[in-house]
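Thanks for coming. I will go through one model this morning, strand by strand and then space by space. Please have the structure open.

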Amino acid sequence: MVTGGSGFIGSNFIRFLLEKSDFEGRIINIDKLTYAGNPENLEDIAKEYGGRYIFEKVDICDQDSLHRVFDDYRINVICHFAAESHVDRSIKGPADFIQTNIVGTFNLLELARSNQDRFILFHHISTDEVYGSLGKDGYFTETTPYRPNSPYSASKAASDHLVRAYHKTYNLPTTISNCSNNYGPYQFPEKLIPLIILNARERNPLPLYGDGRNVRDWLYVEDHCKAVWTIMSKGRLGETYNVGGETEMENIRIVEMLCDIIDEMTGSSDKRSRRELITFVKDRPGHDRRYAIDFTKLREEMNWTPEESLESGLRKTVQWYLDHQGWLERVRTGEYRRWIEEHYES
Ligand code: NAD
Ligand code: TYD
């Protein structure tokens, strides 16, 4: 069972498993289809892998439906992506984050526990944001104390603790991965990289929070998918693994790189540089200054390392968005437009 398989990373993961990995089983994708879930992300996969890919519209907070799916398909492995995932939304309204990220994870753990005789693995997808913010130096390791600063990261931290506790207390077979910022195809255009691509293409302002010098570590989504599958296949039960891209970058630099790539790809480098569209806006409350990941454990135990460079990953991503105008237009209707208007008006 993959939860949240119609969102950004989940849909890339299902595509990766079926098209590029040694996985031979069947995938049941359960997803509530919130604003971030889009069945279109896997339309071709559903056609091509009909027998091995099944979609069920289910909310992980709805215990009855979860029970039904769990029994109908005799689920024995869960890869848990489903979450409310956007920090800015969690600041405006944390309630859904508490329900889905904490209570929803609890529901899944309980279900796994009550079927423990046949249960093989609960892999929980989490974020480096649970560790809080770094100063100029240092890296997050698996033993860095948790210090979440946003309602989003606090809800993910809570879910990580529940997964850990279910392993320690009930011996549930679990693994956890804490990953840095992902980018790539199918990312909802509220997150920095697709938002900037979209605005830059249309020559709209490019909003940078605060001084634009906050640092994130970026990982191409397919590298994350490979890491998850590696951990699911070879990870030690009860362990946590950090996943990162070794590409620390100030936000302003990422935005400049995107501007230059789009200028070049759209053949408009003779016109005014899109860098001129960069606009500094009010900072995000509690904005973490720097994230940086030490993934030595994953590298040494399982020989995983990111394959995509930032430059080539950004190029692929920009190209994907330029080639998928229809997808963008469809996800930009309704709820998305309302959010962007509300968010940037206040
Ligand atoms: P996303 O917002 O694109 O997708 C989330 C998916 O979960 C959507 O399909 C949504 O419909 C589904 N969902 C939400 N609430 C649900 C519910 N109650 N029941 C069932 N489905 C529900 O998120 P993403 O960026 O793909 O992130 C996936 C996971 O990876 C999350 O757990 C997130 O915390 C984690 N993560 C994300 C990043 C990143 O950079 N995006 C980095 C590290 C970890
Ligand atoms: P985001 O993509 O929301 O990921 P996260 O907050 O989970 O790291 O933001 C990445 C960085 O970009 C973060 O430092 C906030 C910043 N940011 C902007 O400067 N402007 C924006 O419009 C957005 C969405 C983010």
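Ile176 stands opposite Thr240 in β10. The strands β6 (174-179) and β10 (240-243) run parallel and are joined by four bridges. Two strands pair here if DSSP finds at least two bridges between them. Helices (H or I, at least four residues) and strands (E, at least two) are DSSP runs, numbered from the N terminus.

This is a predicted model, so to speak of sources: local features need pLDDT of at least 70, side-chain atom pairs count only at pLDDT 80 or more, and totals for chains, interfaces and linings use all residues. Residues are numbered from 1 along each chain as its sequence is written, chains are lettered from A and ligands numbered from 1 in the order in which they are written, and side-chain values use heavy atoms, leaving out hydrogens and water.

Back to β10. Which way do its residues point? Thr240 and Asn242 point one way from β10, Tyr241 and Val243 point the other way, and all are buried. Buried means under 20% relative accessible area, exposed over 50%, and partly exposed in between, with a 1.4 Å probe and protein chains only.

Gly245 counts as buried because its relative accessible area is 8%; Thr247 is buried at 14%. Contact means heavy atoms within 4.5 Å. Leaving aside neighbours within four places in sequence, Gly245 is in contact with Ser180, Asp217, Trp218, Leu219 and Pro306.

The elements giving two or more residues to the lining are α6 (151-170) and β6. By type, the lining divides into three nonpolar, eight polar and five charged residues. Ala, Val, Leu, Ile, Met, Phe, Trp, Tyr, Cys and Pro count as nonpolar, Asp, Glu, Lys and Arg as charged, and the others, Gly among them, as polar.

On the method: on a 1 Å grid over the protein atoms alone, a cavity is a set of points where a 1.4 Å probe fits but cannot get out, and a pocket is an open set with protein on both sides within 12 Å along at least five of seven lines; lining residues have an atom within 4 Å of a point. Grid points are joined across faces, edges and corners, and a volume is the space filled by probe spheres set on the points.

How many cavities of 30 Å³ or more are there? By this rule the count is four. The second largest cavity has a volume of about 50 Å³, and its lining includes Arg216, Arg284, His287 and Asp288.

Last, two backbone points. Asn171, in the loop between α6 and β6, has a positive phi of about 60° although it is not a glycine. Asn171 counts as exposed because its relative accessibility is 56%. Asn303 has a positive phi of about 65° and is not a glycine either; its relative accessible area of 65% makes Asn303 exposed.
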